[in-house]
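Student: Could you give me a close look at how one chain is put together and what it touches? I'd like one connected account, please.

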Amino acid sequence: MEQNPDLPELAILSTGGTIASRIDYRTGAVTSQFDADDILRAIPRLGEIAQFRAHQIASILSENMTPSLWIDLARSIYAEIRNGAKGVIVTHGTDTMSFTASAVSFMLETPVPVIFVGSQRSADRPSSDNVMNALCSASAALSDLGEVAVVMHASTNDDRCAVHRATKVRKMHTSRRDAFASIGMLPLGYVDYPSLEVSLGDDAVRRGGIEVALHDTIEEKVGLVTFYPGMPADVLSRFEGCRGLVLAGTGLGHVSTACIGALRDLIEGGCHVVMTSQCLHGRVCDRVYDTGRDLLALGVIEGEDMLPEVALVKLMWVLGQHDDAGEVRRLMRTNLRGEIRRCSCNGF
Amino acid sequence: MDFEKLGLKAGIEIHQQLNTKEKLFCQCPTALRDFEERTGEFFRYLRATESEMGEIDRAAKEEMKVMRRFTYYTYDTTCLVENDEEPPAPLNPEALSIALTVAKMTGMTPVEQVHVMRKLVIDGSNTSGFQRTALVALNGSIPGGARIETVCLEEEAAQRVEGDTFSLDRLGIPLVEITTAPDMHTPEQVQEVARTIGMILRSTGCVKRGIGTIRQDINISIAKGARVEIKGVQELDLIDEVVRRETARQVNLLGIRDELHRRDASVNPEPVVVTSLFADTKSTILKKANFIAAVVLRGFDGLVGREIQPGRRLGSEMADYAKKCGVGGIFHTDELPAYGVTAEEVARLREFVGAGEGDCVVLVAASKDRALCAATQVMWRAALALEGVPEETRKMLEEGSTSYMRPLPGAARMYPETDVLPVPVSPERWDGIELPEFISAKAERFVADLGLDVALARQVAYSEKAGAFERAVEGGVKPTLTARTLLGTLRELSREGVDIDRLDDDAIIEVLTRAESGTLAKEAIPGVLSAMCGGSRIDDAIRQVAPAMSEEELVALIRDILSTRAEFIQERGMGALGPLMGVVMKEARGKADGKLISELLKRELQQMV
């Protein structure tokens, strides 16, 4: 298929997303062929927006994504940007898209938009959200944005996509088109459909200004536990030997008194424990109640307003970069990629 | 017309809504709503998708000439499944049981596993862009001998509000689709088969009733014509007329084809831009358009305007094709000068495009894209006229003519619904299905066993109250009283504005039973039922409307009336009975049984005379 050489170049990296997928009835599987031709045939209007080079990184369901694939992906994106891509689109299953997007966000310093996109309704159906999401993601990838973002339907209407910061987005519905939501902040911007006009808010990091850089080491021995009433302390003991553990605690960031001993053992054994909240909205504060003060005394790190999954990915990445406990603690409490906001804004 | 000689072949597909508690693929009720009750709306675009073979279905392609924005109304009785925002729930077992019952009633063979398929429909009537359908059984026949090819279970489409706006209350109501073999050869046969299938469906007692709950699609062809599917015939009585008119249409299109061949007609391959010719026209449509294209049809003069069905010309067919591009219609020289276009303008047009006397020129006026798209469609339809009758899906217009919807769907239209698991139909399940009695047999039984006259028996058997009727009669209520109440009294109350839907059958049967046993006067039945529709319980309703008189009270009343009319009684003797009955009834109507009143009055009168 002929591409227009006058248009800017975008790279599309596929991890098994549904944008050009088709069921192969001989094998019953989703076809693994994935090249620019497939995509342009499925969504011809893309060819009017940009030239595309396409690569398949993986062909998996997103629940089977692994940190080592995050690294492969980050390296490929880095190579594409070095190669002159004006923007990069990553197609990804929606279930763990926000994990991968925030992992790439930490590993990569990017001067161009890196856009994660998927679809909630399968590509074979005439009503699929894949076409609109793909077109909006291409437009966002050419925009003035300069960070990693997720672009998906903003509402159940086919009216516009929202551009979400990779470290502040979460899948908040199992099936709706507008499942993805920015938590604790407004979306970075919107892409209108069918005009494909992009509007970015003041929060959005703008294109350019930095050189592309890659920091692609990750510590995989990190866990995430959601506390629940009556949770036995030995659930925590199972994480012995891990270098890091993120807790999704209750409310302001609590676990039961019965868990204190197990946490002390973990921390004394060299595990970095970060507290987040299962409320998702709001900031952790362990200075208000007794249990919280006990946790702080043990050396638990307050995860500020980070989402639990983002804190997990960040801790993996920070531990991949540093061994020094003080540095790990400092970085976990420092905003690196927009994952921590200094103030909890009105309205969230 | 000699239909057999013309080689008429017709089959029907009947779509019947099922009266299930829940929809086919979600737990929402199957309730229809008023548009004003909507809780919100949203909009979507649909596009044709490639099949697994890499093809786009030809019917779907036709609907996609312009990007259409569809709006949908939501209700507090619809959910994310109708919105295409949630995967479907498992196939509704109640609906499957009804479909299996219908299949068994017509001697069919069930499939071993029911597999749900997706059928592409991108006219907006399904939010997903496909209709889910499942084959349930194969090969049966109905009384009279017509063969049934398949019984399918399908989801009902959304109701069109207007234009591209749809209401989601109807989407997902279960339908059974019964498809006959193309065995019928006359319009009357088609109608009779439709009537019989309708009777079989109602015999299950599990189908919805009323306008729009049953729809017939008719497949028709004649020997040298083509298969045409006519959608959405709602009135049974119009079926024969639809068949007659379609046969005529095909005969006339073949006549036009033959005439075109005699004239060596052809379609000019390129449209001509004629916008400038109409710069000063009085035609508002042409003046408003920023682009006008002309299509020259060599040798078509007089044929584009020829009637092929009441109210329909070949030009109407071309206009239908053109409308797929979003234009309002077409002009053609067979109907010009008219609509503000002058004879001089027509002459100038003919000269400009090089059209001779025997040629016809078709104009389309719109934006450039739409006008060129429409011109291509007109050329396509004109070329099809040279071949005869195109294979099409058509929709019925009022009175039985039809208009073009889209080409017949091709094989690329169906593919598996991967979100719904197949449902096995075990031999035990099939054997366990009890066959309901045919309504026709029920009517005969009412005549033979209950002594109802034929017309009343049919009326009762075909009514929704047939079940209540049988239960009441089994409980000892007289058939005539039951029939009169269920068919007559209820309708009269409804006509008077009483909300009779508030009455369930058990309540009505209880009222009838009391009337039969004499504890409630028959004359009081309408009043009591009316009070119960207003919310009263049966005992309160009776107390309120018909405080029963004891026999002593009745005798006292009669004696009182007789004593004030002694002179009249002396004069008339027992002949006073009739007039006096009227006087007593005036006081006692609904409070005591008429028969008892009559007996007591007679006894008292005899004593006086």
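Tutor: Let's start with a term: a polar contact is a pair of N or O atoms within 3.5 Å; within protein, one must be able to donate a hydrogen and the other to accept it, and residues adjacent in sequence count only if both atoms are side-chain atoms. This is a predicted model, where local features need pLDDT of at least 70 and side-chain atom pairs count only at pLDDT 80 or more, while totals for chains, interfaces and linings use all residues. Residues are numbered from 1 along each chain as its sequence is written, chains are lettered from A and ligands numbered from 1 in the order in which they are written, and side-chain values use heavy atoms, with hydrogens and water left out.

Now for chain A, which splits into domain 1 (9-214) and domain 2 (222-332), with bounds from an automatic or database domain assignment. Their C-alpha centres sit 31 Å apart. Where they are in contact (heavy atoms within 4.5 Å), domain 1 of chain A puts in 14 residues and domain 2 of chain A twelve. Together they bury about 1,200 Å² (accessible area, 1.4 Å probe, lost on being put together, summed over both), and carbon and sulfur atoms give 73% of that.

Two salt bridges (a side-chain nitrogen of Lys or Arg within 4 Å of a carboxyl oxygen of Asp or Glu) link the two domains of chain A. One pairs A:Arg170 with A:Glu309, with 2.9 Å between the closest N and O atoms. On the domain 1 side, H2 (67-82), H3 (97-107) and S10 (169-171) of chain A each supply at least two residues; helices (H or I, at least four residues) and strands (E, at least two) are DSSP runs, numbered from the N terminus. H3(A) gives the most to that side, five residues.

Chain A also meets chain B: 26 residues of chain A are in contact with 30 of chain B. That interface buries about 2,200 Å², 46% of it on carbon and sulfur atoms. B:Tyr45, B:Arg47 and B:Glu85 supply 29% of the area chain B buries here, more than any other three residues. Five salt bridges cross between the chains; A:Arg125 and B:Asp84 meet in a salt bridge at 2.5 Å, N to O. Between chain B and chain A, 15 residue pairs are in polar contact, both at pLDDT 80 or more.

Terms used
Buried area is the accessible area (1.4 Å probe) that two parts lose on being put together, summed over both.
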